[in-house]
Amino acid sequence: MTTTIVRIASLVLGGCIAASMLSTPVFAVGGGSGGGANTPTCKKGQIYDKRSKQCVKQQGANVTDENRTDYAYSLAKAGRYEEALAILDTVKDQNNAEVLNYRGYATRKLGRTDEGISYYLQSVKLDPQYAKVREYLGEAYVVKGRIDLAKEQLNMIKAICGTGCEEYQDLNAVILDPSKI
């Protein structure tokens, strides 16, 4: 009888642990200057609310444009590009360097490189000192086989943050070995 109770208790405890693991937000991989790299991702139809630190229903969610932008980047870094674009569509200020950069990133990753480049160029126009957009623009140029233009972006990044910053190192690695994209 005691063995049966211990087995049942173990199963219940294991089930509780598994359930709690499945309901916990997952953190996106990636780093950089954007806040989205450390923002958890939620299941489809939800958005991570930084204030409450939990996933909430996307519809009717009262989260800031910055929160939405960071969450879209988190989704994009997790490979959920269409969802990232849908979240970016909900941002009120579309004329924002980060919004345009992340829109470029998601569209490029969907294989629409020329469209991605157009978003990156708009972002650069708004904030020429934004190293992350220059890294992604350089990566897009590598995809297009334009290593000369990628190296121009690498030099711009060097002027912005030096050779030790992540953006410089990442783009340099891609230029040296395009298979890293």
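The model is predicted. The protein has eight helices and four strands, and along the sequence these run α-β-β-β-β-α-α-α-α-α-α-α.

**Overall picture**

- Out of 181 residues in the protein, 40% are buried.
- Take the contacts between residues at least 6 apart in sequence: 46% of them join residues at least 24 apart.

**Helix H2, tucked inside**

- H2 covers residues 65-77, and its end C-alpha atoms sit 18 Å apart. That agrees with the 18 Å that its 13 residues should span at 1.5 Å a residue.
- Since 10 of its 13 residues are buried, H2 is largely enclosed by the rest of the structure.
- The buried set starts with Asn67, Arg68, Thr69, Asp70 and Tyr71, and carries on through Ala72, Tyr73, Ser74, Leu75 and Ala76.
- What lies over those buried residues? The cover includes strands S2 (40-41) and S3 (46-49), along with helices H3 (81-89), H4 and H6.
- After H2 comes glycine 79, and its phi is positive, near 85 degrees.

**Helices H4 and H6, side by side**

- Two packed helices are described by the angle between their axes and by the distance between those axes.
- For H4 (residues 97-109) and H6 (residues 131-143), the axes come within 10 Å and cross at roughly 25 degrees. An angle under 35 degrees counts as roughly parallel, so H4 is roughly parallel to H6.
- The crossing of this pair is left-handed.
- On the H4 side, the contact is made by Asn101, Tyr105 and Arg108. H6 brings Lys132, Val133, Tyr136, Glu139 and Ala140 to it.
- Sorted by class, the contact between H4 and H6 has four nonpolar residues, three charged and one polar.

**Tyrosine 141, a buried residue of H6**

- Tyrosine 141 is part of helix H6.
- Is tyrosine 141 buried or exposed? Its relative accessibility is 12%, and the cut-off for buried is under 20%, so tyrosine 141 counts as buried.
- Leaving out residues up to four places away in sequence, tyrosine 141 touches Ile117, Leu121, Arg146, Ile147, Leu149, Ala150 and Gln153.
- Threonine 113 is 28 residues away from tyrosine 141 along the chain, yet their C-alpha atoms are separated by 8.7 Å.

Terms used:
Residues are numbered from 1 along each chain as its sequence is written. This is a predicted model: local features need pLDDT of at least 70, side-chain atom pairs count only at pLDDT 80 or more; totals for chains, interfaces and linings use all residues. Side-chain values use heavy atoms; hydrogens and water are left out. Axes are lines fitted to C-alpha atoms, for helices over the stretch in contact, and angles run from 0 to 180 degrees between N-to-C directions. Helices (H or I, at least four residues) and strands (E, at least two) are DSSP runs, numbered from the N terminus. Angles under 35 degrees count as roughly parallel, over 145 as roughly antiparallel, 65 to 115 as roughly perpendicular and the rest as oblique. A crossing is left-handed if the near helix is turned anticlockwise from the far one by less than a right angle, and right-handed if clockwise. Contact means heavy atoms within 4.5 Å. Ala, Val, Leu, Ile, Met, Phe, Trp, Tyr, Cys and Pro count as nonpolar, Asp, Glu, Lys and Arg as charged, and the others, Gly among them, as polar. Buried means under 20% relative accessible area, exposed over 50%, partly exposed in between (1.4 Å probe, protein chains only). The expected span of a helix is 1.5 Å times one less than its number of residues.
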